[in-house]
Amino acid sequence: MNRHLISHYLPGAIVVAAGLAIALVAGTYPLGSLLRPGPGFFPMVVAVLLALLGLGVLGEAFAARRAAAPPQQPFPWRAVLCTCAAVLAFAFSVERIGFIPAACLLIAITAFAEPQRSWPRLAIVALFIAVFGSIVFIWGLGLPLNTFGAS
Amino acid sequence: MTRIIKRQFLKGLGALALAMTAGLSAPLAQAAEGFPDKPITIVVPFPPGGSTDLLARKIGESLAASLGQPVVVENRGGAGGTVGANYVAKSDPDGYTLLMGVTGSNAISAALRDDLPYNPVTDFAPVSIVISSPLALVVNADSAFQSVGDVITYAKENPDTFTHGTPGVGTSMHMAGELFALDSGTTLVHVPYKGSAAALQDLLGGRIDAMFGDILVTSEYIEAGRLRALGVTGTQEHYLLKGVPTIAEAGLPGYAAVSWQGLFAPAGTPDDVLATLYGAIEAALQTEDLQALFRERGFLVEGMDPATSKAFIADEVAKWTKVVDAAGLKQ
Amino acid sequence: MDILHGIELGLHTALTWHALLYCLIGVSVGTFVGVLPGIGALAAISLALPLTYYLDPTDALIMLAGIFYGAQYGGSTASILLNLPGTATAAITCLDGYPLAQQGKAPLAIFVTAINSFVGSTFAIILVMGFAPLIAEFALKFGAADYFAVILLGLVAASTMTLGSPFKALGMVVFGLALGMVGTDVNTGQFRFTFGVFELADGFSIVALAMGLFGVAEIIANIGQPAGVMQAVGKIRFRDMLPTRKEWKVITWPTLRGSAIGSFVGALPGTGPGIASLMAYAVEKRISKHPETFGKGALEGISAPEAANNASVQAAFIPTLSLGIPGDAVVAVLMGAMILHGITPGPNLINEQPQMFWGLIMSFWVGNLLLLVLNIPLIGMWVKLLSVPYRMLYPCVLIFICLGVYSANNNVFDIFVVLGFGILGYLMRRTGFPATPVLLGFILGPLLEENFRRAMLLSKGDLMVFFESPISAVFMGLSLLFIASVFLPGLRARLSRRAPKASE
């Protein structure tokens, strides 16, 4: 129950918090005035608006507190973590070990997001990406990456 | 795979071009042993299509032909050229990664900002300041200002009123305007835009008083009778704007503000590598082909050697630091 | 020179075999890069630019321009099929295009966008032919206050666009405004919200934002789900693509209105196709008798913005060719190409280079016809993509996204950004926060701030400047009307009650 309460009000609270955080940073820039706005003026206006709208979201959540919450699917930790790991691995490695190895790494990591995986199929994907990606992006569009090895 | 094939193909082309030019031009002095033995990258810190991009590509072609290695131009745009400059500053100082730097990325930023992750002066070894281009002080053709003197008189009588548009804070156009204010003892209103086209639009629409603009671009509007040039920011008359005085002649003795572009290596690059690169640039600048192109584009050929370039940049940084401090622009 | 002579001269230029060839190359490359998520016309044109050094300048421009408008045709494909927009324009097409695809109507949706694109382009080309100098002079009258008013209207329209909670939608518009402030302040050069991360000095890349909030979020939502998201696509027959008579009727007016809005916005330098699509969508939703169908696969919801974005791309040539002021970043590169070839665009271009001007415009016709012929047969092939199992498709899509955002600045940092926005986008989706308003706030916010501050600077701090200029006053009035139509539901209710009576 308590857990439900938190997740019910959390989105609105985050919006309010984001607004306050932006206001805090915006306060460090010269504000100026409405007629001569400085670099901090718009950020401050935006921050206040965001916080107010966050309150609105909270209010909505409060109004709907008795409504039956739609059945929420469990949070897909596996999908989120695998996507993160795969993309980060690609980003860190592509300039160091080359496009094709980095792409294979990404494909291999995303495979673990699925309950079961078929390696032959993934090999086809890897082959396709190696050929298509190299031709289109590296040779065709001239990205400063190597197919193999550091760029 | 494909990359390698392409590279070999380019290498072949380069060698061919080398073989063809070898017979024509004398061997280069003080060539570095074994440099270059792989492709050279010139980083352009702006998106493609601008004058820096054009210059880099043309110089790159000449370097490829005379050094016998392919030259790849890479556009790494962002933050007024500082993103690309930062990338080169952090590259290996071996002469294989070079920057086509400009006034903003390699001198004004040193005066203006403390918050850059690189030092625009000490992180670079200049190869050569290749070209310079003065700017033109232009006003709308319908404006009442007929001369630099008119502007100064007006700005003196009406402080904080005369507006000049620029492509952004810290561009050479901005600095030209601030120097103008400093030298004439006036206060102008700086109106920054994102890019010079937007500023030009407001100048043509009569919403700003003036701008310090690129000579080639503004000359089209001057010919068409839409703009009037009051002065050029260089030290002598410009061939595209015959009859327009320099601002120094027209009322501000000693005034000079040009934008320039040059090739930079990361600091710590061996001197003989710099010399090899400079030799190739020097030779390229002699060719009729490049000279004709630069003339068309409104550039003045500089071709300073590494030592002269270094001294030149030191002067520039000192000059812009003075202006930035006077105008209170330091970030 | 009168128009007929111009057309004749232009056709002579555009119908030579080499001009046709380069036009074909340009539009084919354009369609292809447009389909690739994240790779826009800018990347392709930049790449092709040096290759055109050795071409005749007119041929070179015909090819480069072909890439530009060709990419607009391809751009909607990935959005409709995979909810994977590479640009702001495409994000708006996603709103109704992706639901259509989920209903198994992908062939129809893509066919309709091809037709809309053609009509939008055609509409704008006619304007360019007949009235380029006039329109350009009108655009010149737009000052900072007028831009502010136009952008404000766009923002008001954006705020009323999506379904669901108004607080969440408005909150996301404002959140987009906040994201747009990251980077260097135009007026002072101060770094804002960069927190010492130098890669943020130019702000977030719009491509990374769009692909993260939509594409990556979509992937996270679908990974590991047992069932396929799409309805099975069988064999595609030509008649699956063709709209029915009723559907033709539905799209006719939205397409024309979209074309008109797109032409107007495109002719204003510095705005761009994203704003054109957004305004067209918002207007359709506002005047539609069934606004509740928008966002659930309304054909009007793809017709108007698609027509608008193509019209705006062609209209962007108006200020460029008649005044030398580029309409957007891509046209600026094209202008760079002209300068490379020794032609400096300025107010005399049309008189001094009539052959190039008219040749280029006639090539737009030819190119758009080619695009239509080229794209319709391709629809079957694109839709076939959906029959690839999703678990094989999404690793490829992820790699395309990474390379796409990387290509913008050749910087790995943007890959981190796209991932961050992907996770954020997924969380927003779970909690019912719409993503499109974020993108719209992000595009419009910086323009709004920049023009407001410039207007204040130029008017010495006089707020009346927004009402003294007639252009600005008109747009301010339109914004008020828009707001009134939203916040006076009583008025709407009364109107809708009256409507059925009138039809009796």
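The structure is a predicted model, in which local features need pLDDT of at least 70, side-chain atom pairs count only at pLDDT 80 or more, and totals for chains, interfaces and linings use all residues. Residues are numbered from 1 along each chain as its sequence is written, while chains are lettered from A and ligands numbered from 1 in the order in which they are written.

Consider the place where chains C and A meet. Here 49 residues of chain C are in contact with 48 residues of chain A; two residues are in contact if their C-beta atoms, placed from the backbone, lie within 7 Å. On the side of chain C that touches chain A, at least two residues each are supplied by α3 (41-48), α8 (166-180), α9 (206-222), α18, α19 (413-430) and α20 (436-458) of chain C. Helices (H or I, at least four residues) and strands (E, at least two) are DSSP runs, numbered from the N terminus. With 11 residues, α18(C) gives the largest share of this side. By class, the side comprises 33 nonpolar, 10 polar and six charged residues. Ala, Val, Leu, Ile, Met, Phe, Trp, Tyr, Cys and Pro count as nonpolar, Asp, Glu, Lys and Arg as charged, and the others, Gly among them, as polar.

Helix α18 of chain C spans residues 390-409 and includes S407(C). S407(C) counts as buried because it has 26 C-beta neighbours inside 10 Å; the cut-off for a buried residue is 20 or more other C-beta atoms within 10 Å of its own, with C-beta atoms placed from the backbone. Apart from neighbours within four places in sequence, S407(C) is in contact with L141(A), L143(A), I39(C) and A43(C).

Chain B is assigned domain 1 (2-133 + 259-327) and domain 2 (134-232), with bounds from an automatic or database domain assignment. Their contact takes 14 residues from domain 1 and 12 residues from domain 2 of chain B. On the domain 1 side, α4 (103-112) and α11 (306-327) of chain B each supply at least two residues, and the largest share, five residues, comes from α4(B).

Also in chain B, strands β5 (residues 163-166) and β6 (residues 189-192) pair in the parallel sense over four bridges; pairing requires that DSSP find at least two bridges between two strands. One bridge partner in β6(B) is P192(B), which faces T166(B) in this pairing.

Key:
Buried ≥ 20, exposed ≤ 12 C-beta atoms within 10 Å, placed from the backbone.
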